[in-house]
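Me: Could we go through this model together? I would like to start with the fold and then look at individual residues.

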Amino acid sequence: MMTDPQYPPTTARHGSRPAPPVTATERRQANARPARNILAIVGLLLGTAALIIAFVPDIGFVAWPLGGIGLVLGVIGLVQVKKGTVGDRGLAITATAVSVVALLATAGMLLYSTFLGGGASGLHMPAAGGDKHTVVFEVTSAGGATVRYGSLSDQRTENAPASTDAWRGQASYNNGSYLLTLTADTRNSQTYNDIACSISVDGKKVAENSGTTIALCTANVG
């Protein structure tokens, strides 16, 4: 049976006990470099991508899942570093920090586009003449419905009559980015009611949904 060779202990100081012999396995373990922190690397890449995408119009919402996954991977990477299974502690910290910044930037851009971007040149309800873009909110409800429509910072509430004809609400804007929302729910939850909603911008349908008691449509525009 083979055993690890023992190396002579280092010279002990006067009056102290000699150090125990060091085996080859122990020496290899002491000199081995920790494994690369793959999760931290992937987390940093996702966080960086989220930070860039957060400032791109129309697709900025994609930064939410990218930044969220990057943050989770960065935190797991830090935990692995603490356990001593991998190295790259600085990389894991950077991945976590970049992902947090990306999420904050995404939230800031959303707040800017829906609140600060909704001033004089923002989303107008009802539609204002001369605006470059027109928005049409549409609901069909056989049994009638309560309709809430607009953006996150500005909502209107109306009642859609029980009819096969479509209810319509209109808005307009010149510039800026907006998260448009349209919710239609039945006024009698015990009655079966087919409800459908849609949002169109400049004649092009950007969102649609349907249900028996509620329908919800959302769209990022601008």
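Predicted model: local features only at pLDDT ≥ 70, side-chain atom pairs only at ≥ 80, totals over all residues.

Me: How many helices and strands does the protein chain have?

Reply: The protein chain has four helices and 10 strands. Helices (H or I, at least four residues) and strands (E, at least two) are DSSP runs, numbered from the N terminus. The order from the N terminus is β-β-α-α-α-α-β-β-β-β-β-β-β-β.

Me: What share of the residues is buried?

Reply: Of 222 residues in the protein chain, 34% count as buried. Buried means under 20% relative accessible area, exposed over 50%, and partly exposed in between (1.4 Å probe, protein chains only).

Me: And how many of the contacts span at least 24 residues?

Reply: In the protein chain, 64% of the contacts between residues at least 6 apart in sequence join residues at least 24 apart. Contact here means heavy atoms within 4.5 Å.

Me: Backbone next. Which peptide bond is cis?

Reply: The bond from Met125 to Pro126 is cis, with omega near 0°. Pro126 lies in the loop between helix H4 (89-114) and strand E3 (133-141).

Me: Which residues have a positive phi without being glycine?

Reply: Asp88 has a phi of about 60°, and Asp202 one of about 55°. Asp88 sits in the loop between helix H3 (63-83) and H4, while Asp202 is in the loop between strand E8 (195-201) and strand E9 (204-211).

Me: Why does Asp202 count as partly exposed?

Reply: Asp202 counts as partly exposed because its relative accessible area is 43%. Asp88 is also partly exposed, at 26%.

Me: Now Ser172. Is it buried or exposed?

Reply: Ser172 is buried, because its relative accessibility is 1%. Ser172 belongs to strand E6 (residues 163-173).

Me: Which side chain makes a polar contact with that of Ser172?

Reply: The side chain of Asp131 does, at 2.6 Å. A polar contact is a pair of N or O atoms within 3.5 Å; within protein, one must be able to donate a hydrogen and the other to accept it, and residues adjacent in sequence count only if both atoms are side-chain atoms. Not counting residues up to four places away in sequence, Ser172 touches residues including Gly122, His124, Asp131 and His133.

Me: What about Ser198: where is it, and what does it touch?

Reply: Ser198 is in strand E8 and is buried, with a relative accessible area of 7%. Beyond its neighbours within four places in sequence, its contacts include Val136, Phe137, Leu182 and Cys217.

Me: Switching to Gly84. Which loop holds it?

Reply: Gly84 is in the loop between H3 and H4. Gly84 counts as exposed because its relative accessibility is 55%. Gly84 and Pro34 are 50 residues apart in sequence and 7.8 Å apart in space, C-alpha to C-alpha.

Me: Finally, where is Phe61?

Reply: Phe61 is in the loop between helix H2 (38-53) and H3, and is partly exposed at 46% relative accessible area.

Notes: Residues numbered from 1 in each chain as written. Heavy atoms only, no water.
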